[in-house]
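Visitor: I would like to learn how to read aromatic pairs and helix packing. Please show me a case.

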Amino acid sequence: MPNQIKPRAACLIGWPAAHSRSPLIHHHWLRALDLNGGYSIESVPPEGFAEFVMNLSKHGYIGGNITIPHKERVLNLTAPDQRARAVGAANTLWYDHGTLRSTNTDIEGFIDNLDHASDDWDHAEDALVLGAGGSSRAVVFGLLERGIKRIHLANRTIARAQAVADQFGPRVLPLAWENIDGILPRAGLLVNTTSLGMSGQPPLEVDVERLPAQAVVADLVYVPLQTPLLVAAQARGLRTADGLGMLLYQAVRGFELWFGHRPDVTPELRALVEADLSLTVA
């Protein structure tokens with residue numbers, strides 16, 4: 001009987017993880033590129049996480065994605081790159097000559113999505129970022145890399161914004177939440193990294209009328225796809241970047257690392273995930 005070559009497979013590791021759209025995205029790319037591979041969901045509780053990651057290849061995987069609540073803990077179990085260390089969390093794992101490495105592709109997902117939405121967004125000298133959690137650190141890292149001069153970081157707990165500023169340096173300026181209105185008129189980029197505006201969460205109350213006419217507004221929330229922030233920005237004629245775009249673009253590098261081909265984020269893929277999101281919301 002001829003030898004059977006087992007297809008390359010990656011997985012998503014989380015607890016819980018059943019809600020993820022990652023399998024839909026990666027299986028679409030596998031079909032589009034006519035590749036023999038797979039992508040599975042692995043619901044792994046915290047007490048079993050270290051064993052699972054340290055024996056990832058024995059579980060049949062060449063790499064994977066990491067989601068809550070494991071994104072910080074995985075750094076100590078892998079060889080993180082500069083991006084993962086700076087953000088303090090990793091979301092993508094792969095083997096490199098037997099070493100399990102980790103990175104954070106939320107950074108390029110955010111930046112690539114902005115590039116797609118507006119080719120001159122990085123002309124802004126001032127950006128206003130709302131929130132100081134893990135997603136915020138990825139956003140700040142990406143904005144610093146692209147040369148944004150000043151990043152005003154607003155958080156309801158000013159100490160958390162200060163901690164991010166202390167980590168990334170003098171171009172990051174902590175801002176009390178009640179002082180947001182004073183920064184809006186000169187913010188060429190507004191980014192929401194909080195859960196405000198998400199389905200089931202309180203609304204995000206920001207007056208987009210105070211933004212410059214050339215400003216770009218990005219929201220990392222993608223349920224609902226059109227958040228109240230984006231709706232208000234579009235009504236004013238501002239350019240916008242939604243959270244679904246970031247979700248799609250952050251998946252590109254992982255797929256390339258695992259399967260050796262760089263996939264494209266196409267209108268067909270976006271429509272596929274949008275349809276799935278609409279079923280969930282309904």
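Visitor: How many aromatic pairs does a search of the whole structure find?

Guide: A pair of aromatic rings is described by the distance of the centres and the angle of the planes. Rings of Phe, Tyr and Trp (its six-membered ring) pair if their centres lie within 6.5 Å, and planes under 30 degrees apart are stacked, over 60 edge-to-face, the rest tilted. Here the search finds five such pairs. This is a predicted model, where local features need pLDDT of at least 70 and side-chain atom pairs count only at pLDDT 80 or more, while totals for chains, interfaces and linings use all residues. Residues are numbered from 1 along each chain as its sequence is written, and side-chain values use heavy atoms, leaving out hydrogens and water.

Visitor: What is the geometry of the pair formed by Trp 29 and Phe 255?

Guide: Their centres are 5.5 Å apart with 70° between the planes, so the pair is edge-to-face. Trp 29 is in helix H1 (residues 22–32) and Phe 255 in helix H10 (residues 252–259), 226 residues apart; helices are DSSP runs (H or I, at least four residues), numbered from the N terminus.

Visitor: Are Trp 29 and Phe 255 buried or exposed?

Guide: Both are buried, meaning under 20% relative accessible area with a 1.4 Å probe, protein chains only.

Visitor: Which residues make the contact of H1 and H10?

Guide: Contact means heavy atoms within 4.5 Å. His 26, Trp 29 and Leu 30 of H1 meet Val 252, Phe 255, Trp 258 and Phe 259 of H10.

Conventions. Helices (H or I, at least four residues) and strands (E, at least two) are DSSP runs, numbered from the N terminus. Buried means under 20% relative accessible area, exposed over 50%, partly exposed in between (1.4 Å probe, protein chains only).
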